[in-house]
Amino acid sequence: MLTQEENELLCRVEGEAPMGRLMRRHWIPVCMSEEVAEPDGTPVRLRILGEELVAFRDTEGRLGVLDGYCPHRHALLALGRNEDCGLRCLYHGWKIDVTGTVTEMASEPPESTLKEKVKHRSYPVRESGGFVWTYLGDEKDMPEFDPPPFAQSEDDQVSILKIAIPCNWAQIQEGQIDSAHSSSLHFSDMKPAKVSAAEADDQSWYRPSTDKSPRLQIERTPYGFHYAAIRRPIKNAASHDYIRVTEYIAPFVSLIPPNNLYNVASVIVPMDDTHSYFYFIAWGNPETCIKTDDWRRFCAAEPGVDLNPDWSPVRCLENNFLQDRALMKDGNMTGIKGIPNQDIAMWVGMGPIVDRSRDILGASDLAIVEFRRLMVDAAQDMEATGKALGIGEDVPPRVSIHSYQEVLPKTVDWRTKVAGSVAAE
């Protein structure tokens, strides 16, 4: 349970809100590379932490992320023409390149020197792991760009789905680090089976446990925390435990325990206080990792089928997420197609910003309690000292951080397995 004041600290990201200031100290994934793949292609309108931005790839293939409003009269640059190494505003023909330099002012007389006096706001940009990353904070505080944990190799397959969700970032992030809910909400898609460890095929995910009430153990890290959800396995339950270790890399990334074919991650980026971009990622060996189109189909998150052009889901609160009650009577847990859509129904159903002062938490919510404590403390530290969680020399490279799952003898401490994995990098 949080107080109303603590809940505000956790949730609010716009303007000078401490949580938004913390997030601006990190490199932020603002869109997928595929959205700006084409030189001189359609500019991408973005809303990040309450700010209007525009991303584009120019004639020479350079990426730019700019303030989304033209410096002249504040028309939307995302509606402009992407041509001749710049965005040309439709209103009066001003053209701005990826550095924010105004290269043309069609509405001004030829002898005008005004364009030499105007510099539009542009942001540093990197491209990695299938994303365009931008730094929105003060550049004097800008850390070196650290590739994400799903950018292990240029040869890896990285399959990303994107959904724009009408609720606050924190309730989505809580869902991503909550191992306990998967045994209930996703029961029909994450099926108990007599397998040696988590497995997957093109129909379902499979787990070696029927245990719906995991014991949780948590350990803080310089980048956030990780925790083990410990369940009874179907086989050798007297001598072994089924361990699933989830990593939270503050503030945006969660690493979900993998299966035999691919790793799983999520990235949550706030659009504003009450809307968020949700990215669900499968990545790993290209010979086994599910491909992008198949991943989106498996998750029922195909653009043009399950998603509208603005990445908002066709399944929404107004149509009860297209829930099939007849399917539920036949044994399906939720009647909602696709693991992410089942989660979205829970997140959106809570309202735009959930009131955490009314929660009744139990033993299975230990990771949720840790997330709230960690991030409220981090927001308070940002407000008091300007120090940002997850930035500093003690933070290991993101590519060295891994989620983990295995059936282990009860005598083995999961922490040593995770530490050994990091040390081997």
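About 1200 Å² of area is buried between domain 1 and domain 2 in this predicted model, and carbon and sulfur atoms give 64% of that area. Domain 1 spans residues 29-141 and domain 2 spans residues 157-417.

**Domain arrangement**

- The centres of domain 1 and domain 2, taken over C-alpha atoms, are separated by 34 Å.
- The contact between the domains involves 15 residues of domain 1 and 14 residues of domain 2.
- The size of an interface is often expressed as the accessible area lost when the parts come together; for domain 1 and domain 2 the corresponding value is about 1200 Å².

**Helix H3 against helix H8**

- Two packed helices are described by the angle between their axes and the distance between the axes.
- Helix H3 comprises residues 169-176 and helix H8 comprises residues 366-385; their axes come within 10 Å and cross at roughly 140 degrees.
- H3 is therefore oblique to H8, since an angle has to be over 145 degrees to count as roughly antiparallel.
- The crossing of H3 with H8 is right-handed.
- On the H3 side, the contact is made by Trp 169, Ala 170, Gln 173 and Glu 174, which meet Ile 368, Phe 371, Arg 372 and Met 375 of H8.
- By class, the residues of this contact of H3 with H8 are five nonpolar, one polar and two charged.

**Helix H1 against helix H8**

- The axis of helix H1 (residues 4-11) comes within 9 Å of that of H8, with a crossing angle of roughly 80 degrees.
- H1 and H8 are therefore roughly perpendicular to each other, because angles of 65 to 115 degrees fall in that class.
- H1 contributes Glu 6, Leu 9 and Leu 10 to the contact, while H8 contributes Phe 371, Arg 372, Met 375, Val 376, Ala 379, Gln 380 and Glu 383.
- The residues of the contact of H1 with H8 comprise six nonpolar, one polar and three charged.
- Phe 371, Arg 372 and Met 375 of H8 take part in the contact with H1 and also in the contact with H3.

**Backbone features in loops**

- Most residues other than glycine have a negative phi, and most peptide bonds are trans.
- The peptide bond joining Ala 250 and Pro 251 is cis, with omega about 0 degrees.
- Pro 251 is located in the loop between strand E17 (240-249) and strand E18 (253-256).
- His 74, although not a glycine, has a positive phi of about 70 degrees.
- The loop that holds His 74 lies between strand E4 (63-67) and strand E5 (81-82).

Methods:
Residues numbered from 1 in each chain as written. Predicted model: local features only at pLDDT ≥ 70, side-chain atom pairs only at ≥ 80, totals over all residues. Heavy atoms only, no water. Axes fitted to C-alpha atoms, helices over the stretch in contact; angles between N-to-C directions. Helix = DSSP H or I, 4+ residues; strand = E, 2+ residues; numbered from the N terminus. Parallel < 35°, antiparallel > 145°, perpendicular 65-115°, else oblique. Left-handed = near helix turned anticlockwise from the far one by under 90°. Contact = heavy atoms within 4.5 Å. Nonpolar A, V, L, I, M, F, W, Y, C, P; charged D, E, K, R; others polar. Domains from an automatic or database assignment. Buried area = accessible area lost by both parts, 1.4 Å probe.
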